[in-house]
Amino acid sequence: MEMLLFWPLAVIALGASISMITQRNPVYSALFLILTLLCLAGLFLLLHAHFLAVIQIIVYAGAIMVLFLFVIMLLDIRRAEVTLSRVRLQKTLGSILVALALLLIVKTTWVLGSGAVGEMAMVKDASAIPDFGTAPALGRALFSSYVLPLELAAVLLFVALIGAIVLSKHRE
Amino acid sequence: MVPIVYYLGLSALLFLIGVSGVLFRRNALIIFMSIELMLNAVNLSFVAFARLWDATDGHVFVMFILTVAAAEAAVGLAIIITLFRHRESVDVDEVNLMKG
């Protein structure tokens, strides 16, 4: 059952992300990225991360991507830009490295997934923690062992807020 | 059941697609979206390992990555808007003010 849901989600996520980087129009790229993020939310659900799946849809596909689309529409880029980098060395070296990494990833996944390691690294059906992945479980972790990082994240968001306002303010 | 290795392979592939987006595209907005894609690929790894070891800590890390991604998107898009205002373009090859 999990396999039946995993493959479509994985294939759609990969296809949408490839379309994202090959589209000329940034608006289409943003829409394909949203599709990828939604597929990832589905995968989070398969991995019993219920709260994160919802957060993924609300914060990522909702807030951040709407911000992206808003900026794209605001900029109104009329000129058709060059799709590929003009730096030749970067293009050739990049292609070779990407091809090698692709080979490595596929091969590794194939070998590990079919061998004994794949059997060993199978997830259990039922989690030992009864409310694994729900908002209460995450909240308990955030407000007990991760209080300091949480406060720092709040400071980070505040600084980012000020930075964004200062940067985008129009100076006369 | 899906072996955890498949989730990790998918995560690595998504990360690779993000890297190639940064390497091959010159549109600052698309480079930004590729960075978001890479962050999400890492998130998938974190969630998969959290499930494998029954640890909520992986989810906590994803929450923090989400926060950083939001902050980064806000500041980055502000930079892109400023860039566009000065240059009428978001092509990163044309941004060479600090080139030696």
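**Entry 1: the core.** I looked up the largest nonpolar core first: 68 residues, with Phe44(A), Met33(B) and Val47(B) having the most contacts inside it. I noted that such a core is a set of buried Ala, Val, Leu, Ile, Met, Phe, Trp, Tyr and Cys residues joined through C-beta atoms within 7 Å. Buried here means 20 or more other C-beta atoms within 10 Å of a residue's own; exposed means 12 or fewer, partly exposed lies in between, and C-beta atoms are placed from the backbone. This is a predicted model, where local features need pLDDT of at least 70, side-chain atom pairs count only at pLDDT 80 or more, and totals for chains, interfaces and linings use all residues. Residues are numbered from 1 along each chain as its sequence is written, with chains lettered from A and ligands numbered from 1 in the order in which they are written.

Entry 2: α1(B) gives the largest share, 14 residues. The core lies between domain 1 (1–79) and domain 3 (127–172) of chain A, because both give residues to it. Those domain bounds come from an automatic or database assignment.

**Entry 3: Met33(B).** I set aside its neighbours within four places in sequence. Met33(B) is then in contact with Met20(A), Ser29(A), Ala30(A), Leu33(A) and Phe68(A). Contact means C-beta atoms, placed from the backbone, within 7 Å.

**Entry 4: the chain contact.** I read 72 residues from chain A and 60 from chain B in the contact. On the chain B side, α1, α2 and α3 each supply at least two residues. The largest share of that side, 21 residues, comes from α3(B). By class, I logged 42 nonpolar, 10 polar and eight charged residues on the chain B side. Nonpolar covers Ala, Val, Leu, Ile, Met, Phe, Trp, Tyr, Cys and Pro; charged covers Asp, Glu, Lys and Arg; the others, Gly among them, are polar.

**Entry 5: a helix crossing.** I checked α6 (residues 135–144) of chain A against α3(B): their axes come within 9 Å and cross at roughly 75°. That makes the two helices roughly perpendicular (65 to 115 degrees). Leu138(A), Ala141(A) and Leu142(A) meet Asp57(B), His59(B), Val60(B) and Met63(B) in this contact.

**Entry 6: chain A overall.** I counted seven helices and zero strands in chain A. Helices are DSSP runs (H or I, at least four residues) and strands are E runs of at least two. Of its 172 residues, 24% are buried.

Notes: Contact = placed C-beta atoms within 7 Å. Axes fitted to C-alpha atoms, helices over the stretch in contact; angles between N-to-C directions. Parallel < 35°, antiparallel > 145°, perpendicular 65-115°, else oblique.
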